[in-house]
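Colleague: I've got this one open on my screen and I'd like to talk it through with you. Can we go over it piece by piece?

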Amino acid sequence: ELYFTEPWHGTGGGEKTDCEGFRIFDVAVNGKTLIDDLDIWAKSGHDGAFRRVVEAEAVNGELLIDFTPVSTDGAGHPTLKANPGGAPGNLLAALSRYGRRTAFLGKVGEDAFGRLLLESLRRAGVQTRGIRLTSSAFTTLAFVTLDAAGDRSFSFARKPGADTQLRWEEVDRSLIQRCRLFHFGSLSLTDEPARSATRAAVAYARELGRTVTFDPNLRLPLWP
């Protein structure tokens, strides 16, 4: 199947010259995706040949559920709302809203909350092919409380959380190859094997000459 959107215009193929082309949504042969919604193929360069344009953003990091208070009953017990969260996922959702092509690399539990996170990212327009599911760890949960001044504090259920269990051999390196910017956050560095996977992904992105960005996002209770 082959799907096109509107004509695309930009600078691509590593050339300084402008180029015209089409963004391709999906090409599948016998159920295997050959080209997906991260791809733009455009005429570029001096020969006018069609080339893949590298213009996506890829993020490696944590996905979790934020339970935030919405009300309190007569006994002072809070009612909590489950919200898709994790700073890396929030970043990609925002970039997608501004029309950027984005992809997430990470891991969630094969549970109700993991499926909620996957569906939320898909609805936001984020490519989720790089997200692995595991039945050996539960999706990470964060419980948010507010003090009298409205400042937040966090309690985490992450012992371990699925996001900490991503291994380098599970990382879809083609998504790093096809991005122009690779982003990661500090919470991917708190535990193994995700720490080693993240370091390897960052090194790989740098080898490819990609721009690498980092979010400190310090959460002291999650560090050993």
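Colleague: Then let's start with Thr140: is it buried or exposed?

Modeller: Thr140 sits in strand S11, which covers residues 140-146. Away from its sequence neighbours, it touches residues including Leu63, Ile65, Ala157 and Gly161. Its relative accessible area is 1%, and the cut-off is under 20%, so Thr140 is buried.

Colleague: Which side chain does Thr140 join in a polar contact?

Modeller: The residues Thr140 touches include Arg158, Ala162 and one more that matters here. The polar contact spans 2.4 Å, and the partner side chain is that of Asp163.

Colleague: How far can I trust the chain, and what is its average pLDDT?

Modeller: Where pLDDT is low, the predicted coordinates should not be read in detail. For this chain, 75% of the residues score at least 70, and the average pLDDT is 80. Over residues 1-45 the pLDDT is below 50, though that stretch still has 116 contacts beyond near neighbours in sequence. Residues 50-55 also fall in a stretch with a pLDDT below 50.

Colleague: On to the inside: which element gives the largest share of the largest nonpolar core?

Modeller: That core has 15 residues, and Leu105, Val171, Ile176, Phe182 and Phe184 touch the most other members. Strand S9, helix H3, strand S13 and helix H4 each give two or more residues to the core. The largest share is four residues, and the element giving them is H4.

Colleague: What span does H4 reach from its first C-alpha to its last?

Modeller: H4 has 14 residues, and at 1.5 Å a residue the expected span is 20 Å. Its buried residues include Ala197, Ala201, Val202 and Ala205.

Colleague: Which residue is joined to Pro193 by a cis peptide bond?

Modeller: Most residues other than glycine have a negative phi, and most peptide bonds are trans. Pro193 lies in the loop between S13 and H4. Omega is about 5° for the cis bond there, and the residue joined to Pro193 is Glu192.

Colleague: Now charges: how many residues apart are Glu170 and Lys107?

Modeller: Side chains of opposite charge can pair when their charged atoms come close. Glu170 and Lys107 form a salt bridge, with their closest N and O atoms 3.0 Å apart. Both residues are buried. Glu170 is in the loop between S12 and H3 and Lys107 is in strand S9, so the pair links distant parts of the chain, 63 residues apart.

How values were computed
Residues are numbered from 1 along each chain as its sequence is written. Side-chain values use heavy atoms; hydrogens and water are left out. pLDDT is the predictor's confidence in each residue, from 0 to 100. Contact means heavy atoms within 4.5 Å. Buried means under 20% relative accessible area, exposed over 50%, partly exposed in between (1.4 Å probe, protein chains only). A polar contact is a pair of N or O atoms within 3.5 Å; within protein, one must be able to donate a hydrogen and the other to accept it, and residues adjacent in sequence count only if both atoms are side-chain atoms. A nonpolar core is a set of buried Ala, Val, Leu, Ile, Met, Phe, Trp, Tyr and Cys residues joined through side-chain atoms within 4.5 Å. The expected span of a helix is 1.5 Å times one less than its number of residues. A salt bridge is a side-chain nitrogen of Lys or Arg within 4 Å of a carboxyl oxygen of Asp or Glu. Lists of a residue's contacts leave out its neighbours within four places in sequence.
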